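Hi everyone, thanks for coming.

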Amino acid sequence: MSTDRYPYREIEARWQHRWEEAKQFRATEDPARPKFYCLEMFPYPSGRIHMGHVRVYAIGDLLARYKWMRGFNVLHPMGWDAFGLPAENAAIEHGVHPAIWTYENIDNMRAQLRKMGISYDWDREIATCDPTYYKWEQLIFIRMLERGLAYRKRSTVNWCPSCQTVLANEQVEDGRCWRCDSEVTPREIDGWFFKITAYAEELLAWCDRLPGWPERVLTMQRNWIGRSEGAEFDLPVAGRPAVKIRVFTTRPDTAFGMTYAVLAPEHPLVDRLVVDERERAAVAAFRAEVAKESEIERLAADRPKRGFRLQARVVNPFNGAEIPLFLADYVLMGYGTGAIMAVPGEDQRDWDFAKQHGLPIVETVTRPDGWSGGAYAGDGIKINSGFLDGLTVAAAKRRAIDWLVANGLGEATVNYRLRDWGISRQRYWGAPIPVLYCEACGMVPEAEENLPVVLPRDVQISGKGGSPLAEVASFVNAKCPRCRGRARRETDTMDTFVESSWYFLRYCSPRYEGGMVERAAADYWMPVDQYIGGIEHAVLHLLYARFYTKVLRDLRLIKLDEPFTALLSQGMVIKDGAKMSKSKGNIVDPDELIRTFGADTARLFSLFAAPPEKDLDWNDHGVEGASRFLNRVWRFVIGHLDELKAPGATARGVPASEDGRAFRRVIHDTIRRVTDDIEHDFHFNTAISAVMELVNALSVFDGHPGGRVPPAERPPLLREAVETILRLLGPFCPHITEELWSQLGHRESVFTQRWPTPDPDALKREEVTVVVQVDGRVRGRLLVGVDASEERIRQLALADERVRPWVASRRVEKVVVVPNRLVNIVTRA
């Protein structure tokens, strides 16, 4: 075997085979042991893994192996988020069936992950496009339908008239179809929704009970849910008192400052308010322009607000004034009532719009002294507000709501920004929605005994004309499960976020045929102890998974409130100043990296180059540095095997020599540092640095054979240092550490060994180095006993020959002693 370089090709393949043969990472429930469920977000099988995958899977594997060595019963599974639009696009572009494309990609990516040596329990592998998987979410759909948590309604979608199909928001680029560049138009169609708003309050409340989650992710979820308290009341249309516009506001105290009102362009009352065909055409043109904007664009604070003034006017019920009525892009139909009272004196968006359109601005709250600017949203005393004058803002809010209720004009209301989850997709490659439309019975769910409703394979996918399922007669034409009469199947498929909202539960019992999850297995493994994935999933996937978990709890399938105890959101991999992507031509191929340097080097670099929550800036020199370090460890161990395996090398004890104790202190201080970095902070890069420092200390110690410690102390200290390095480095670089561990004569895997713990006696110091500062600048260092008194340290510092020149001609005002760390001398001329 090579003693000069780590032969990674031979060794990595050998150990991967041994792990697989021994089923080393197979997980089974064991109530006698503490469990640890470690999970990375499962990938879409696009065909190739990229460096972003390498990073997230290396993080998960490190934590899984570390927890094994800490005595935990670890579940670390992998599967595939296998439905989705890219498979249909491949079918259109390359003429290959989505199922064939998907399963070929799964085979490729599985092989790549095996080459990385990730410790997955492959016996639990799942693919969400398998009918034995989506059967269970079809059953849950029926249960939700029975409870009113799934329902059908009309909604506005993006429609490409050329492709004759619905487009997802991300497929609309500058108002045009990403495929054919035709102008996209809004269209109303029927679709299915999950009533996530029924859980809005609980989802929000539990954001305060997830201490293991990053605060920025919780903040994003709170903002997405968007709870706001206020009032709803009616604005009568002038001259048509029977027609009323319901508005929601969080600031009813500002109603006397209402100088205009706004409807969302999509508001259903708009067509009733239009007075003639000329206005109708202008409204249609305005709506078409707004439809080209995304919600993010419409809500952006730094862009002009689009508006269209209707001929209709409304009445402010607080003062009886008739005010203008506008359509505007900054008001959305999905929030509140889709209509607002505009108070430009106290709302900046309204201020900006009022300035654009020359509308009056009325201040209803006193401004602070020196205030100069736009709208004022702070506290103060009410002015220009009729019966609210003289009140504080909080008191005026309560009084205004009481007045609305007393006069039968409105009510106190809580609103949420969160909208119900639209799950309908007019696509082929997704889980069929288990609903039929019977000529006699109307809409009916499929009978449970007929599940799964299997996605047919005999389809023609053209990318035009809506869902290809509608053209498959053998699928569409069915019998009603109630009356056995003629029925037509639903041809929409489910949003792929449905599959990813419960996959972590299926891993607990992936082959269980009696239900979605075996209750005992879920009770043992859930919740996921550590979930790992990108910040881009901070809202939708994580929020949907939380919602779905609560639904399953209420269906009594599990007893869980939240699916993920702790969350780590890793940063992106950056190269040449941009996120790695094919379009930018800055991709680094993991396969090529593994062929050139080995999997352990790829893993080590991805864990060392940056803290996990930060973006990783790709650096070829860094990869080469990681390779050099592993080769250095290899050369040392292989080159010292005779001494490391010598009689007496496995002995442990406190060295008699001072140098021996000092070196052993370094060993155990490294154990302490690495453990803290992994366990508490996820500072994997500093953990690796600590191991590198121990390797340096080992080389220095080895450079003085027999000169600093008695000959009998040297082999045990070398062996303890090497075994510590291999155990600490194991979760980062499993192949090289397994091989070197076996070369030391061990028969068992290094990952069956207990994680090392620091010996308190080894960490004890008889002397410490104390830094001496004079007026804030370091002027010397002292080696003193750990029990030295403050007065003794003070005397030594003032007498030190490196310090004396800096105090000789000055008066010492004060000497501050920080025991075992620092002496700070303050002087004056």
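Let me start with a convention: we call a crossing left-handed if the near helix is turned anticlockwise from the far one by less than a right angle, and right-handed if clockwise. Helices here are DSSP runs of H or I with at least four residues, strands are runs of E with at least two, and both are numbered from the N terminus.

Now the ground rules. This is a predicted model, where local features need pLDDT of at least 70 and side-chain atom pairs count only at pLDDT 80 or more, while totals for chains, interfaces and linings use all residues. Residues are numbered from 1 along each chain as its sequence is written, and side-chain values use heavy atoms, with hydrogens and water left out.

With that convention, α3 passes α4 in a right-handed crossing. The contact (heavy atoms within 4.5 Å) involves Pro 86, Ala 87, Glu 88, Ala 90 and Ala 91 on the α3 side, and Pro 98, Trp 101 and Thr 102 on the α4 side.

Next, helix α1, residues 8–21. Its 14 residues reach 19 Å from first C-alpha to last, close to the 20 Å expected at 1.5 Å a residue; the expected span is 1.5 Å times one less than the number of residues.

Which residues of α1 are buried? They are Tyr 8, Ile 11, Glu 12, Trp 15, Gln 16 and Trp 19, where buried means under 20% relative accessible area, exposed over 50%, and partly exposed in between, with a 1.4 Å probe and protein chains only. Down the axis of α1, these buried residues fall within an arc of 125°, so they line one face of the helix; the arc is that of the directions from the helix axis to the C-beta atoms. As a reminder, an α-helix has 3.6 residues a turn, so residues three or four places apart point the same way.

The buried residues of α1 pack against α2, α4, α18, α19, α20 and α25. Turned away from that side are the exposed Arg 9 and Glu 21. Just after α1, Lys 23 takes a positive phi of about 50°.

Finally, helix α12, residues 393–406. Val 393, Ala 396, Ala 400, Ile 401 and Leu 404 are its buried residues. Seen down the axis of α12, they fall within an arc of 135°, so they too line one face. Their cover includes the strands β10 and β16, whereas Arg 398, Asp 402 and Ala 406 are exposed on the other side. Just after α12 comes Gly 408, with a positive phi of about 65°.
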